[in-house]
Amino acid sequence: MIFVGFGFLMVFLHRYGFSSVGFTFLVATFTIQWATLVQGFLHSFHGGHIHVGIESLINADFCTGAVLISFGAVLGKTGPAQLLLMALWEAVLFSVNEFILLSLLGVRDAGGSMTIHTFGAYFGLFLSRVLYRSQLEKSRQRQSSVYHSDLFAMIGTIFLWVFWPSFNSAPTALGDGQHRTALNTYYSLTASTLSTFALSALVSGDGRLDMIHVQNAALAGGVVVGTASEMMLTPFGALAAGFLAGTVSTLGYKFFTPVLESRFKVQDTCGVHNLHGVPGLLGAILGVLVAALATHEAYGDGLQDVFPLVANGQRSATSQAVYQLFGMFVTLVFASVGGSLGVGLLLRLPFLDSPPDSQCFEDQIYWEVPGEQEPEAQGPLRAEETDT
């Protein structure tokens, strides 16, 4: 999911395929190592050593997922040095936020609707706001797809779709809880895919499908059940949640993304607000509702695995729901402050080699592209575009 799914999902930009896959490769390999250290100090530091295992590796991958979500918001407008600095800071904030929610507050968030998707999306959106480019119109002709770039992006979509149930269920308890998580995620994904196809044809005006909607909104079902998938959501609940997420995500790509840029000056390249932000918030709220309904009768012995504090009598189901809601607000604060006041201001420093407004979404700035002229040789062309 991290290397193939996220990497290929972002190759829809027809002049930015090398950078989409290549920078995903770079940022992911760096973040996995750095997150292992940061999370190790918080979770598994004993006797002067950080103890690692499969669980710590999975958690590092989850952190990497959040960083790549943020990368999607600033895709094409940042250089590799900026991205590595972003990953350095975001991994620390992600780990601290996750530690507060899961260890201190006792919040349940197996699939990361809050800790991964909401955090990653709004960190990236606030960062994009700080890095707003008023002259991005100079590169607008490159901020589009062609037939083969959309086809390659669908490879990323299919990889993410197929493996999302294992992504959500990896940290859950073996047995019924893990099986329930995988089933609920699959049901939700199928429903979000159907609603995406239906809404895409409905809002297009001529009844044709938009590949951008299918590539992204079809995945919203996996996001929306991230928190509640291990709970007694029921298949019907998973289907309803997925259908709602796919609908909201498709409508967001069609109507809200342009407003986000024109009104709020947030240039969201991949539309992470529609795929991860809003479905992540919906998933957090869904977790609040399902947690409030938790009973010993419904979960049996499994209540200890899903809500250990409720099972032990330390909390009521209502109290657990309040903590779930509070966890969502904590996540939004960490993401907004970290993305804007934290790394956002640092990434504006000129020596970090940010691409100029006229060369955004362009591979040749950082890569040798066979059969293409060097960017310097295109100086007169860029001057004509500027004059125009």
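Q: How many cavities of 30 Å³ or more does a search of the whole structure find?
A: This is a predicted model, and a search of the whole structure finds 1 cavity of 30 Å³ or more.

Q: Which residues line the largest cavity?
A: The lining is made by Met-1, Phe-6, Gly-65, Ile-69, Ile-116, His-117, Leu-160, Trp-164 and Phe-167. The elements that give two or more residues to this lining are helix H3 (54–73), helix H5 (113–130) and helix H6 (147–169).

Q: Where does the largest share of that lining come from?
A: The largest share comes from H6, which supplies 3 residues.

Q: And by class, what is the lining of the largest cavity made of?
A: There are 7 nonpolar and 2 polar residues in the lining, and no charged residues.

Q: OK, what about open pockets: how much space lies in the largest pocket?
A: About 660 Å³ of space lies in the largest pocket. There are 33 residues lining the largest pocket, and the closest to its centre are Glu-55, Asn-59, Glu-98, Leu-102 and Pro-171.

Q: Which elements give two or more residues to the lining of the largest pocket?
A: Those elements are helix H2 (17–43), H3, helix H4 (80–104), H5 and helix H14 (308–311). By class, the lining of this pocket has 14 nonpolar, 14 polar and 5 charged residues.

Q: How much space lies in the second largest pocket, then?
A: The second largest pocket holds about 540 Å³ of space. It is lined by 31 residues, and those that lie nearest the centre of the pocket are Phe-12, Asp-268, Thr-269, Cys-270 and Gly-271. Two or more lining residues come from each of helix H1 (2–9), H3, helix H8 (211–216), helix H10 (235–264) and helix H11 (272–292).

Q: Which of them gives the largest share of the lining of the second largest pocket?
A: That is H10, which gives 6 residues to the lining. When the lining residues of the second largest pocket are divided by class, 14 are nonpolar, 12 are polar and 5 are charged.

Q: Let's zoom out a bit. How many helices and strands does the protein have?
A: The protein has 16 helices and 2 strands. Its radius of gyration is 21 Å, close to the 21 Å that the globule rule gives for 388 residues, so the protein is as compact as a globular protein of that length. Along the principal axes, the C-alpha trace spans about 75 × 60 × 35 Å.

Q: And how much of the protein counts as buried?
A: Of the 388 residues, 52% count as buried. The protein exposes about 16600 Å², and 67% of this area is supplied by carbon and sulfur atoms.

Q: What about contacts: what percentage comes from residues 24 or more positions apart?
A: Taking the contacts with a separation of 6 or more, residues 24 or more positions apart account for 80% of them.

Q: Are Thr-234 and Phe-361 buried or exposed?
A: Thr-234 is partly exposed, with a relative accessible area of 43%, whereas Phe-361 is buried, with a relative accessible area of 0%.

Q: Back to H8 for a moment: is Gln-215 buried or exposed?
A: Gln-215, whose place is in helix H8, has a relative accessible area of 1%, so it counts as buried, the cut-off being under 20%.

Q: Which residues does Gln-215 touch?
A: Leaving out residues up to four places away in sequence, Gln-215 touches Leu-9, Phe-12, Asp-150, Ala-153, Met-154 and Thr-157. One of these, Phe-12, is also among the residues that lie nearest the centre of the second largest pocket.

How values were computed
Residues numbered from 1 in each chain as written. Predicted model: local features only at pLDDT ≥ 70, side-chain atom pairs only at ≥ 80, totals over all residues. Heavy atoms only, no water. 1 Å grid on protein atoms, 1.4 Å probe; cavity = no way out; pocket = protein on both sides within 12 Å on 5 of 7 lines; lining within 4 Å. Points joined across faces, edges and corners; volume = space filled by probe spheres on them. Helix = DSSP H or I, 4+ residues; strand = E, 2+ residues; numbered from the N terminus. Nonpolar A, V, L, I, M, F, W, Y, C, P; charged D, E, K, R; others polar. Rg over C-alpha atoms; globule rule 2.2 N^0.38 Å. Buried < 20%, exposed > 50% of the residue type's maximum accessible area, 1.4 Å probe, protein only. Contact = heavy atoms within 4.5 Å. Areas by Shrake-Rupley, 256 points an atom, 1.4 Å probe, with all protein chains shown as cover.
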